[in-house]
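This report goes through a structure shown below.

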Amino acid sequence: MNSATNSGRALPWALVTPALGWTLLFFVLPFVAMGFSSLTAHDGGGFTRANYSQFFTNPAYWQALVNSLQVTAIVTVISVLLAYPFAWILAEQVPERWQRLALMLAVLPFWTSYVVRSYSWLLVLAQNGVINRALTGSGLFSEPLQLANTRLATVTGFVHFFVMLLTLTIFANLKQLSPSYRKAAADLGAGPVRTFLHVVLPLTLPGIMVGAFLTFVLCIGDYITPQILGGNNELLMPQLVMMQIGRRGDFPLASALSIILMAVVTIAYLACARWLKIERA
Amino acid sequence: MTINPNAPHPTTRKPISVLKSHLHAACAATALLLATGSLAQAADLNALIWCDHADPALLQPFEEANGVKVNVKEFEGTGAGMAIVEQSQPGDWDVMVIDSIDIPRGVEKGLFEPLPEDKLPLADLFPQVKMDSSTVVDGKRYGITEKFGYNTIGYNKTKVDPADMQSLAALTGDKYKGKIAIYDYYLPVIGMAALAIGKKTTELTEADLPDIKQELLKMKANAKLVGEVTASQTALATGEVDILVGGGEWVTAGLAKENPALDFSIPREGAVLWSQSLAMFKDSKNKDTALKFIQYIMSPEGQARLATSACYWGMPANTKAALTDEQKKILRFDEQPDFLARAQPYPAPDADLDKKMQDVWTEMLQAQ
């Protein structure tokens, strides 16, 4: 009896061991090393809080976090607003037999390199790019607009990517929604708009929040897009982290900045988990 | 050149440093394997390089002549390169390309092997780029300059008045506002800002930083973007901007055939001389092959191939580089004596001033 109980207990552990080992090796260990590094001095001295105090006392560093939060918030909101109707059209308006193809076409840009996609946007938004040529050619503007190398360009590049991601999560949520809910709402006299606002939207909120959280996490930690499209006219946190490594190899300060970034992501997760109960979705 | 006497000696490292080092090594081992693939055979040459050395047209003749494979790993920035070395096993790497001014950093860490001067064509080098103050430490040569150029003003001569490009003042005036890009590397551009306000790049101190910052802010106010190599080169080549602060032959020469309108000037105030060197690792298991590689790169043939590498062009350090007349014309080879006379060395701050310079650069980038 005892041996059966023991083997019954051992099996779940055996099954999760590979995942635990993976997490320990590729998350916990690097995280501990990073935390340790963040508390050491660049010149090889002892423990110090200087790396953290630099961040909180230097306005240029602090501004990088503010910029990151602003850009991430804007990207997340715009991506949700664009992705929801897109996912809804795919799930509700496109015939079932075409949905798979439509979804594949929708995520087609995922198949191209992230770097290539960002440079493509740079060419589209450039002074001599497609948009500016159209605007000046049509006579709407006499001079090209500064679109590339701006925050607008960074946001555009991010939104292009994250709309695809959010479309997938919201589409999956919409497809899981039983038609019975809508039928019940209709039976009770609710019109399409009311059914959407009071039934469909609340039931798909978990999908929206999961997608929004993923967008937040991936966006706030991304280095490539702001580096290529933003023109370094403002620094975001990942750029500030990379700057510490390039020439000076200041890994302690880079680690401290990364820990701060992780803390922000953790706060965002806790906020989402508490308010929307993602863990039970 | 002297070594920082306060630097911890390798054999008297504090326990915390040892633990830190072990942690770094443990975390990096897997990443290194993933990044470099399986490590090379002992007979191969493992080179930590900048992108110009990855050109097959440069490596192939050496590989065929010596029957070895050159395994390369590209890096950007001395800090990143040093991190790769520290996270590797001793002997993993044979040679390294490094900013000439940073050779003492490698020597201080005990990484480099002295080079035999009698087996290198030092007499053929442009005297001004030998950089003995950096490449020679305690009387021993640890690096040899292989390529150089200028961080100066790169521009499109059909869009701007070349006469204006003879002064750094053009970068902060109103005439070219919004037509300027700044190369995103703080040392050379801070050097240019220093030249613009009449300072010598070799004499910069912390007290100069407020004035330099003001000059940088004026440049930023006129700039459309601050971009790394590819971004700034693309901006100039596509007409997004007409002037690149910090640009030079390394931007314009490689694009000369496609865009002959691109050119560079050495303004009255001067320009910043950049140079890259080759160094051999002390723990290299293939020192003979490593030396042969350095000799090949420094040979007239190797120098010509390196100078015209697909990644970026630059002046060969060897005056006898086997360049064609056309290539010499593009690189403005014959004008080098005059350029070198007016150029000032790359700023070489100590660690503390380096950090402060980077913070000034960060503040400039964040300024709106």
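## Annotated spans of chain A

In this predicted model, residues 152-174 of chain A are 100% helix and 0% strand, and the end C-alpha atoms of the span lie 31 Å apart. Residues 251-272 of chain A are likewise 100% helix and 0% strand. The end C-alpha atoms of residues 251-272 are 31 Å apart.

Both spans carry the UniProt annotation "transmembrane region", which comes from an unreviewed entry. In chain A that annotation also covers residues 12-33, 69-90, 102-122 and 195-224.

## Contact between chains A and B

Chain A gives 31 residues to the contact and chain B gives 33 residues. On the side of chain A that touches chain B, the elements giving two or more residues are α1 (2-38), α3 (59-93) and α11 (237-246) of chain A. The largest share of that side, 5 residues, comes from α1(A).

By residue class, the side of chain A that touches chain B holds 12 nonpolar, 15 polar and 4 charged residues.

## Domains of chain B

Within chain B, 11 residues of domain 1 are in contact with 9 residues of domain 2. The side of domain 1 of chain B that touches domain 2 of chain B is made up of 7 nonpolar, 3 polar and 1 charged residues.

Terms used
Residues numbered from 1 in each chain as written. Chains lettered and ligands numbered in written order. Predicted model: local features only at pLDDT ≥ 70, side-chain atom pairs only at ≥ 80, totals over all residues. Contact = placed C-beta atoms within 7 Å. Helix = DSSP H or I, 4+ residues; strand = E, 2+ residues; numbered from the N terminus. Nonpolar A, V, L, I, M, F, W, Y, C, P; charged D, E, K, R; others polar. UniProt positions renumbered as here; feature names shortened; annotations may be inferred.
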